[in-house]
Amino acid sequence: MPFHSQILKNGLKIIGETSPSARSTAIGFFVRTGARDETPEVCGVSHFLEHMVFKGTPRRTALDVNRDFDRIGAHYNAFTSEENTVFHAAVLREYLPQAVDILSDILRPSLRGDDFDMEKNVIIEEIGMYEDQPTWSAYDHAKKAYFADHPLGNSILGTPDSIRALTRDQMHAYFERRYVASNITVAAAGRFEFPALVDLVEKACGAWNGAAVGRQGIRPTAGSGKFEVLTKEKVTQEHVILMASGPAADDPLRHSADTLALAVGDDSGSRLHWELVDPGLADSADCSFHEYEGTGSFYTSFSCDPERARENLALVRKVLTDVQRDGITDAELQQAKSKILSRVVRGSERPMGRMQAIGMAWTYLKQYRSVDDELQAFEAVTLKSIREVLEKYPIERTTTLALGPLAGLEK
C-alpha cells in the first residue's frame, strides 16, 4: 500500500496510503488541539467547538451538513481527546471530492451566537449524562488526581460552570489560534489518487491561515501519588482506578508498555482476569496503556461490590507488585503478542482503521508507520524490554481513585 505525503504552502499536511483493492476511502482532518491546550477560563472549549463545527457554515446550514453527508452515504463523525480533535468520514471512492468539500467547509464554521447559546444546553446535558456513568466519572476524576497541575489533567468535557461562563468570542479566539493550517493534518486511506486528493484539499484549504502554533506543558510526570475516595451513595458498585507513569507516544518502549498492559489486564486470559474476574470477585478488571505527547500512563481498574473493594484492591496491588518484581512470563508475553498482532492486522483491513493509524502516527511522530512497521515493533518486544519499562516506569507506583458508595477505602 503506497504512502504519499505533501505539505501545502500554508503548512497544512496531507498524507495518504493508497490501496487499489479497496472499494472505499476514509478521510480525516486531524486538528492538533484538545483539552490539554485549554486554560481554566475556557475549560471544555475544544469539545464544545467540535459540536459547533457541525452547526453550519457560511455555505451550509446544520441541516445541509447532515443532508450532504447522507446524500453520499457517508459514515461520518468526530471526537475530541486530550490532544486532538478529529473529523472523519468514510465514503465510496467516487464521493471523495464531496467528502473533502463538506469536511473542509465545516472546519470554517460560522459560530453563530444563537447556535452557541443553544448548544450550551446540549453540552451541559452531556456532562450530566457522563457524570451519571460511574466508570466514566471515575476515569475523569482519576486523571485529575494523577496529573494534578499537568495540562493532561484538564477535563475534556469541562464542567457545567465552565461551559456556562464560556463566551462565543472566547471560542472564536480559540478557534482562530488553534484551527490553523499548520496545526492540521489531512489523512486518507483506501482507494483514491493522491495527486487528485492534493488538488481537492489545496483548493478547499489553501487559503487557510498558516500561522505557527505550539503546545505548552510538554513534560513527563510520575503522577501525584494521591489516594482519593469520592463517595457517591447512589452508585451501587465501587469503581477503583490506579494510575502509574509510562512511556510517551514517541518513546520506543511504547510497544513494550502496550504489551505489558495487555498481559496484566486484558479482558480475558490476563493476570487480573484470573485473579479477580474468573473467581467472581469483581465484575471487571483491566489494565491499559495510554500514550500522550511527552508522557504516558498505565490505567489499572476494577469494579465490584463495595464489601469486596478493600480485598480486591489488595489483590490488585499484589498483582502489580509481583509484576514489578518478577515481570511477566514468556507464555504471557507470547499470548499478549498474538492478541496485539491480531488487533493490528484486523484494524488495518478497513480504510477507516488505516486512516486513523497513519493520521495519529503522523501527528505524534511526524512519520509514516506501515502495518508491517507496527507488527515488527510488537514482534521485537522481549522480556528484557518489558523489564526496561518496569525499571523506568514502576507499575506499582500508583495514584489511586475510588468512586462509589464507600466513605473510605483503606490504603
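Me: How many cavities of 30 Å³ or more does a search of the whole structure find?
Reply: Bear in mind that this is a predicted model: local features need pLDDT of at least 70, side-chain atom pairs count only at pLDDT 80 or more, and totals for chains, interfaces and linings use all residues. Residues are numbered from 1 along each chain as its sequence is written, and side-chain values use heavy atoms, without hydrogens and water. A cavity is a set of points on a 1 Å grid over the protein atoms alone where a 1.4 Å probe fits but cannot get out. With a cut-off of 30 Å³, the search of the whole structure gives 1.

Me: Which helix gives the most to the lining of the largest cavity?
Reply: This cavity has a volume of about 40 Å³ (the space filled by probe spheres set on grid points joined across faces, edges and corners). Its lining (residues with an atom within 4 Å of a point) includes L262, D266, E332 and K339. Both α9 (254-265) and α12 (330-348) supply at least two residues; helices are DSSP runs of H or I, at least four residues, and strands of E, at least two, numbered from the N terminus. With 4 residues, the most comes from α12.

Me: Where does the largest pocket lie?
Reply: A pocket, unlike a cavity, is an open set, with protein on both sides within 12 Å along at least five of seven lines. The chain is divided, by an automatic or database assignment, into domain 1 (3-205) and domain 2 (227-404), whose C-alpha centres are 27 Å apart. Both give residues to the lining of the largest pocket, so it lies between domain 1 and domain 2.

Me: Which helix provides the largest share of the lining of the largest pocket?
Reply: The pocket has a volume of about 1200 Å³ and 29 lining residues, with D258, E291, A357, M360 and E374 nearest its centre. At least two residues each come from α9, β9 (284-291), α12, α13 (351-365) and α14 (371-379). The largest share, 8 residues, comes from α13.

Me: On how many faces of helix α7 do its buried residues fall?
Reply: In α7 (168-178), M171, Y174, F175 and R178 are buried (under 20% relative accessible area, 1.4 Å probe, protein chains only). Seen down the axis, they fall within an arc of 100° (taken from the directions from the helix axis to the C-beta atoms), so they line one face.

How values were computed
Buried < 20%, exposed > 50% of the residue type's maximum accessible area, 1.4 Å probe, protein only.
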